[in-house]
Amino acid sequence: MSTPAPRPSVLFVCVHNAGRSQMGAAYLTHLAGDRVEVRSAGSAPADAVNPAVVEAMKEVGIDISAETPKILSVEAVRASDVVITMGCGDACPVFPGKRYLDWQLDDPAGQGVEAVRPVRDAVEQRVRGLLDELGIPVSA
């Protein structure tokens, strides 16, 4: 009997953990289910998730209204196999042996839902590509 492969762990990081990283984490959870451990955090977390981001995700059937921005911790980075940064620059700690991806995406802060939609769709495409690279089938 073969041992199942360990579950990969992915951390999404942006400055406020209120938009891009929340969308990334929500899409990864939605598309991979429990086959991937998902975290998100921010180097300077906001008080709440951007309402336009919540609305844009609701349009595609993903409810993130209960999510709250979290502070980026060294432990979260250390516990993750893949760290995806979205405009947090040098605020993200770097550990040897981790895979880092920097996704250049427009910051939806202060934008309406119309401006958030293209960012949301870009996040979805990148998450699907990441799952493909990790060899994890999409469940949705």
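Residues are numbered from 1 along each chain as its sequence is written, and side-chain values use heavy atoms, with hydrogens and water left out. Because the model is predicted, local features need pLDDT of at least 70 and side-chain atom pairs count only at pLDDT 80 or more, whereas totals for chains, interfaces and linings use all residues.

Helices and strands are DSSP runs numbered from the N terminus (helices H or I, at least four residues; strands E, at least two). Helix α1 has 13 residues and reaches 18 Å from its first C-alpha to its last. This span is close to the 18 Å expected at 1.5 Å a residue, the expected value being 1.5 Å times one less than the number of residues. Burial was assigned from relative accessible area (buried under 20%, exposed over 50%, partly exposed in between; 1.4 Å probe, protein chains only). Eleven of the 13 residues of α1 are buried, so the helix is largely enclosed by the rest of the structure. Among them are R20, Q22, M23, Y27, L28 and L31. The elements that cover these buried residues include β1 (9-14), β2 (37-42), α2 and α4, where contact means heavy atoms within 4.5 Å. After α1 comes G33, with a positive phi near 60°.

In helix α2 (residues 51-59), the buried residues include A52, V53, V54, A56 and M57. Their cover includes α1 (20-32) and α4. At the start of α2, a side-chain oxygen of N50 comes to within 2.8 Å of the backbone nitrogen of A52. This is a polar contact, defined as a pair of N or O atoms within 3.5 Å; within protein, one must be able to donate a hydrogen and the other to accept it, and residues adjacent in sequence count only if both atoms are side-chain atoms. Just after α2, G61 adopts a positive phi of about 80°.

Side chains of opposite charge can pair when their charged atoms come close. With a salt bridge taken as a side-chain nitrogen of Lys or Arg within 4 Å of a carboxyl oxygen of Asp or Glu, the count comes to eight. R117 and E59 form one of these, at 2.7 Å from N to O. The pair links distant parts of the chain, with R117 in helix α4 (residues 113-134) and E59 in α2, 58 residues apart. Both partners are partly exposed, R117 at 29% relative accessible area and E59 at 37%. E59 and R117 also belong to a network of salt bridges with R120 and D121.

A further salt bridge joins E124 to R128, the closest N and O atoms being 3.0 Å apart. These two residues both lie in α4, four residues apart, about one turn of the helix. An α-helix has 3.6 residues a turn, so residues three or four places apart point the same way. E124 is buried at 17%, whereas R128 is partly exposed at 29%. E37 and R39 form another salt bridge, with closest N and O atoms 2.8 Å apart; E37 is partly exposed at 29%.

A search of the whole structure finds one aromatic pair. F12 and W103 form this edge-to-face pair, 6.0 Å centre to centre and with 65° between the planes. The pair links distant parts of the chain: F12 lies in strand β1 and W103 in the loop between β4 (99-102) and α4, 91 residues apart. F12 is buried at 0% relative accessible area, and W103 is buried at 8%.

Note on methods: Rings of Phe, Tyr and Trp (its six-membered ring) pair if their centres lie within 6.5 Å; planes under 30 degrees apart count as stacked, over 60 as edge-to-face and the rest as tilted.
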